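Here is a short walk through the strands of a predicted model. Please keep the sequence and the coordinates open as you read.

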Amino acid sequence: MVPSVVNIGCGAGFSGDRVDAAIPVAETLAKREGPKYLIFETLAERTLALAQKHRRKDPTHGYSPFLEDYIRPILKKCYETGIKIVSNFGAANPKGAAMKISEIADQLGCKNIKIAIVEGDDLLQVMSSRDIQNHPTIEGLEIGDNEVIAANVYLGARPIAEALSRGADVVVVGRCTDPALVLGPLVKEFGWSEDDWIKLATGTMAGHLLECGGQVTGAYFADPGYKDVPDLANVGFPIAEVANDGSLIITKADNTGGLVSAQTVKEQLLYEIHDPENYFTADVILDISKVRVLEVGPDRVKVSGAHGKQRPDTLKATVSIDGGWMGEAEMSYAGPNALKRAQLAIDVLKRRCRDIKTNNPIRFDIVGTMSVHSGDNEDTTNTHKYPDDGDYRIRIATCGHDKEIVERVNQEMLSLYCSGPAAGGGFRQHLTDQVQTASILVDRNKIVPKVHFLTDYT
Amino acid sequence: MAQEHMKKVRLHDIAHARAGDKGNRSNISLIPYSAATYEILLEQVTEKRVLELFSNKGASKVVRYELPNLPALNFVIDDVLEGGVNSALNLDQHGKTLSFLLLTLSVEVPVTMAIKNTV
C-alpha cells in the first residue's frame, strides 16, 4: 500500500557534524506514523580522497571516521521502531562500513538486521587511470600525469530504492548525490517512475533542504539582533514530511533549539545553487526558480513549486589527485603599536622569503584588519582604518609540491621569535597534505550500480 | 522618488545572505527581510556593483538570477575563491564569510522605511 506521508530526518550534514544531533531526530521519528527514515550525509568532495588514502594504509578502513559515533547512539532505537537508516558513510569502503555497523548491531542486540551496500561509484573499476587522466574536466584543469587517488561517480536514488525494496534496514553508499539519500526512500515508498520529473524534482528539493542538517533549522543562520535563533547550542535537526502528491513540509526534531522559518528555508534552498532553473543531479534536473515557501505552523514551512526536467545523459564524477603541501604559520602582536610591529614582521618575512627563491605563491594576512575578505595580493600596509594599538595576528600561507620549501617558509615565521620585532608570541604552524579535485562527466550507461547485502559475503 | 526622501543603509539592514562554493566559484543568496524590499534589491544590487565589490579577490564575472516568488536574488561569482577549497591560501578556503562582504554594500531606501541602523 502506498503511504500518505513519508517522514525523513537528517542526523548529520557533513563529515564533522555533531554526533548527538541524530538522537532527538530518531526519538521524534519513532513517534510518527508511516514509513520513516534517518539519513546521514558525511561525504564532502575531498573527504573521499582522504578516505581512499586511509584504505590504502589499512584495507579495513576508508569509511567515515565518525561512523561509530553517529551510529551507536541511535541504531537500536531505529531498528526497534522501524526507522531505516540511509547514509554515504561508506566513503572509499562501503563494505568496511557495513561490517562495522554489523559489529555494533551485534553488540546492541539488533538481531537479523539487514545491511545493504551500494557499490558501483568507483570509476577506476570501469575506466583506466590513463583514460581518466586524459578526460577533459569541467574546470578546465589538466589532470595530466598526476596520480589519480580516487575517482567516484555521483550515483542517484535508484540503487538506494532497490536496497530498501529488498528489505534493508540500513543502506550504506559510497559516493551518491546528497539529495539521493532522501529521494531513494521516496522512490521506494511512492514508486515514482524514472520519468516523473516533477515528483523527482520535489524529492530532490527535499533532499537538498535536508542534506546540510541544521543549516535549514536555524544553524549557520544566527546574526544577533537581526536573525535571532533560540537555543542554538541545542539546535534541532530537520525532518521532511513528503506526501505522494509531492507536497513537502520542513520541520524539526521535538524538544530542541533552533527554528524553521521561511527565512531559514530560503537560505538553505539557494545554498550551493547556481542557475536556479538548472540544478543537475543524477535523477533529474531540478528547477527551483518558481518555488514558494509558506510558514504553516510553529517550526513548520511548506515548500512548493519545484519543477523538473529530464535527467542528464551523463553522471558527474569527482577525480582526486595529489595537491602537494600547504604551509601556514601565525604569530601575534598586541598592545601599544602592535599594528606597526606586525607590519614590520611581514616586511622581514617578505625579505627572507625572497632568498628562498621559489615561485610558489605566498600570502600574508594581518588578522584583525583584513584577512578572509582580502585578496591574495592585498597591500598589508593599507591599514589606515585600524588603530596602531590592538591585538593583531599575522599569518603566512604557501603551497607547493616541494615539502622542504613549504616548510622553510613556515620556519621563517618561527624564527621571528628571536629575530623579529619586539614581543611576537603565540606561534602556531600547520603543514597540510593537499588533495586537488576535478570534475568529469561520464556516460551514464557505463555506470552500473550494484546492491549487495552483508549476508551475501558470508 | 526624490533624493531627499531617501536614506542610505547597508544591505545588512534589509536583507540576509548565505554563501556556498563549488570549485573556484561562489554563489551568494540575497534575501530581503520584507518582500516589499525586493524591488530595491533588483534596482540597486546589480551585477556590475557586485563584481566591483569582489574585484580585489579576482572575481571575473557575476551572474544574477532572480527568484521573484521567494523573493530572493542569487549571485554566482566566478574566480572569487583564490583557487577554491583545494588550493586557496585564504584562511576561508570556501569563501563562507563572503555573504557578509556582500551585505556591506550600501543601498538607498525611503526614509520612512523602518530599519535597525543607518549609515
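Start with an open sheet of three strands in chain A, ordered β9-β10-β13, with antiparallel pairing. Strands here are DSSP runs of E with at least two residues, helices are runs of H or I with at least four, and both are numbered from the N terminus. Two strands pair if DSSP finds at least two bridges between them. β9 (279–280) and β13 (307–309) of chain A are the edge strands, and each pairs on one side only. β10 (residues 285–287) of chain A runs antiparallel to β13(A), joined by three bridges. Within β13(A), K309(A) is the bridge partner of I285(A).

Helix α9 (residues 197–210) of chain A packs on this sheet and touches β9, β10 and β13 of chain A. Contact means heavy atoms within 4.5 Å. The helix direction makes about 115 degrees with that of β13(A). Axes are lines fitted to C-alpha atoms, for helices over the stretch in contact; angles run from 0 to 180 degrees between N-to-C directions.

Now move to β12 (residues 300–304) of chain A. β11 (residues 292–297) of chain A pairs with β12(A) in the antiparallel sense, over five bridges. The two form a hairpin with two residues between them. In the turn, D299(A) has a positive phi of about 55 degrees. β8 (residues 248–252) of chain A also runs antiparallel to β12(A), through three bridges. K302(A) in β12(A) stands opposite L294(A) and opposite I249(A).

The side chains of β12(A) alternate.

Residues are numbered from 1 along each chain as its sequence is written, and chains are lettered from A and ligands numbered from 1 in the order in which they are written. Local features need pLDDT of at least 70, side-chain atom pairs count only at pLDDT 80 or more, and totals for chains, interfaces and linings use all residues, while side-chain values use heavy atoms, with hydrogens and water left out.

Conventions. Buried means under 20% relative accessible area, exposed over 50%, partly exposed in between (1.4 Å probe, protein chains only).
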